[in-house]
Amino acid sequence: MVEMTSRERVLCTLRGDLPDRVPTLTFGIDPKIMTAVGEGSITRTYDVFGLDVHPIFCQNWCQGIPLNAALSLDVPPDQQTAGGTYAGWNGVDEFGRLWKRGSYVGGVVKSEEDIERYVPQLVLDERMDPEKTRVLVKNRPDKAFCLATHTGPFGLTLESIGFEEFFYVYMDDRPFIERLLWERTRWFAEIAARGAELGADFVLMGDDAAFKGRTYISPADFEELVVPCYAAIVRRAGIPVMWHSDGYIKPLLNAAVMAGLVGVHSLEPKAGVDLGEVKKAFGDKLVLAGNVDCGEALIGSDLELVRREVRRCMTQAKEGGRYMLSDSNSIHAGCNPEAVKEMYRYAREIGRYDI
Amino acid sequence: MNSSQELFDAVLTGNSQKARIAVEHALSNGTDVRELIGTMNSAMEEVGRKFSRSEIFLPEMMVAARAMKSAMEILEPLIVGNPILARGKIVIGTIKGDLHDIGKNLVAMMFKGAGFEVVDIGVDVSREAFLESIRQESPRIVAICALLTTVLTELADAVAFLRDSAARNDFKIMVGGAAVDSEFAERIGADGYADDAGEALQVAKQLLGIA
């Protein structure tokens with residue numbers, strides 16, 4: 001089989017066709033890893049790991065940590081209060097999420113007025129650095145690019161109300177939830193569409209809807225409440241949208257299909273996701289990405305353990321295509337760079353479809 | 001329907017207003033406080049079972065806990081100082097190196113709903129801070145959460161540290177969270193492990209010998 005470029009490989013997989021080998025992906029890389037592996041250069045880090053999918057420049061923070069091609073990899077000083085375009089240090093951010101030293105601690109959206117106040121202006125160019133992104137995409141035509149951001153509508157709605165309060169409001173005042181959810185949806189859809197304009201091949205929409213062994217809300221409610229939002233994002237984006245969620249999302253995969261999402265990322269094994277089962281049930285409908293345990297296999301120095309984990313994932317999900325090898329969450333600060341390198345190297349070796 | 005059944009149903013369905021009315025009605029009829037608490041505990045146990053079987057989800061579980069907490073506010077003045085009724089204190093926190101609090105908050109809610117006094121000492125909590133809180137609060141249970149596998153060593157060290165502390169015989173240690181399983185909990189010497197928030201309440205009650 002003729003060797004494909006990364007972009008060809010990824011697009012082939014997203015279409016559901018068989019590529020030359022399983023593509024490699026991650027949702028995010030911690031700045032500490034980028035500094036250790038790529039001397040702080042995002043592109044170099046992704047090249048060292050040999051990743052097929054690179055991120056376009058986009059404001060992208062998670063739990064106070066700038067991820068991927070965030071506009072800056074610098075964590076602000078302790079005394080800096082967020083509230084501008086950056087979310088996630090001290091204070092209330094533009095979505096109404098409350099942060100303390102980079103850790104999410106609650107939400108402040110309680111009323112209709114708060115919804116008005118905490119739906120931020122789009123200021124797309126401030127979030128995405130279009131010139132830098134265009135140059136990046138133009139100079140790397142062999143790579144696939146994604147817009148990876150952790151501001152999906154469901155998670156953002158939950159976080160801006162506050163974890164505990166969200167579930168009360170969910171039971172007491174569902175129209176309020178729906179209104180905020182649709183505001184977040186419209187906001188995300190525009191970000192996704194702008195990502196497509198700037199050259200992203202697909203969107204990787206971070207939107208946590210589950211945790212260990214459970215979904216936050218029932219699958220039936222999720223289908224009724226969230227699927228129309230995801231479908232609207234898919235329509236507006238104009239490029240494939242892959243969904244990233246932590247936790248046990250297997251009961252929500254039917255919703256992902258209904259919404260027209262191209263695939264799902266992370267498929268956390270520690271949360272109870274069995275990749276083989278998911279492949280059997282959804283392998284012909286969704287691109288599956290992830291499941292390499294980043295909690296245990298990627299934090300140590302046992303490279304055989306890493307290879308075993310990659311082999312397991314390949315055995316369970318490689319056949320027939322529609323699989324991307326990836327960690328089960330992100331390349332977080334606790335990962336051993338050598339283990340991560342070995343994961344991707346070995347994936348390239350055994351992920352070929354002509355062996 | 002009698003007020004006991006009304007109270008059970010109100011907690012089970014998360015109706016705070018009905019739960020309060022049922023408690024007031026029962027009290028005015030001379031129902032014993034212990035009986036009312038028992039009814040609500042039974043309801044919360046059923047909530048925990050339904051949650052564990054995925055028959056209900058977080059919203060339903062949390063409004064049930066809120067309903068019980070609301071009804072408990074009426075009973076609290078009658079409980080204070082009564083050693084038979086007071087369930088005691090639980091100190092809960094997420095271990096050092098881990099900033100996640102969702103699971104911890106859920107478990108804390110279940111404890112509060114069941115009438116425990118919960119001292120939430122937050123996330124990224126060192127073993128020394130746990131011990132300090134134990135000395136200050138004299139809890140019956142210390143619940144330690146860990147979501148990240150990277151903090152498991154810290155969790156094991158913290159449990160060993162607390163087991164060696166002077167006040168060790170006065171409290172039980174529970175652990176839980178996405179990174180933890182029962183085998184690990186047993187290996188590090190924790191007294192109890194729970195897979196989810198519903199189970200956490202059952203385990204806490206078992207550890208304390210509460211029906």
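Strand S1 (residues 89–94) and strand S3 (residues 141–145) of chain B pair in the parallel sense, over five bridges. In this pairing, B:Ile90 has B:Ile141 of S3(B) as its bridge partner. The model is a predicted one.

**Sheet of chain B**

- The open sheet of chain B is formed by five strands, and their order is S2-S1-S3-S4-S5.
- The pairing in this sheet is parallel.
- Strand S2 (117–120) and strand S5 (192–194) of chain B each have a single partner strand and stand at the edges, so one side of each has no neighbour in the sheet.
- On average, and with direction ignored, neighbouring strands of this sheet are turned by 25 degrees against each other.

**Helix on the sheet**

- Helix H6 (residues 127–137) of chain B packs on the sheet and touches S1, S2 and S3 of chain B.
- The direction of H6 makes about 165 degrees with that of S1(B).

**Contact between chain B and chain A**

- In chain B, 21 residues are in contact with 22 residues of chain A.
- Helix H4 (58–79) and helix H5 (102–113) of chain B each supply at least two residues of the side that touches chain A.
- H4(B) gives the largest share of that side of chain B, with five residues.
- By class, the side of chain B that touches chain A has twelve nonpolar residues, six polar residues and three charged residues.

How values were computed: Residues numbered from 1 in each chain as written. Chains lettered and ligands numbered in written order. Predicted model: local features only at pLDDT ≥ 70, side-chain atom pairs only at ≥ 80, totals over all residues. Pairing = 2+ DSSP bridges. Helix = DSSP H or I, 4+ residues; strand = E, 2+ residues; numbered from the N terminus. Axes fitted to C-alpha atoms, helices over the stretch in contact; angles between N-to-C directions. Contact = placed C-beta atoms within 7 Å. Nonpolar A, V, L, I, M, F, W, Y, C, P; charged D, E, K, R; others polar.
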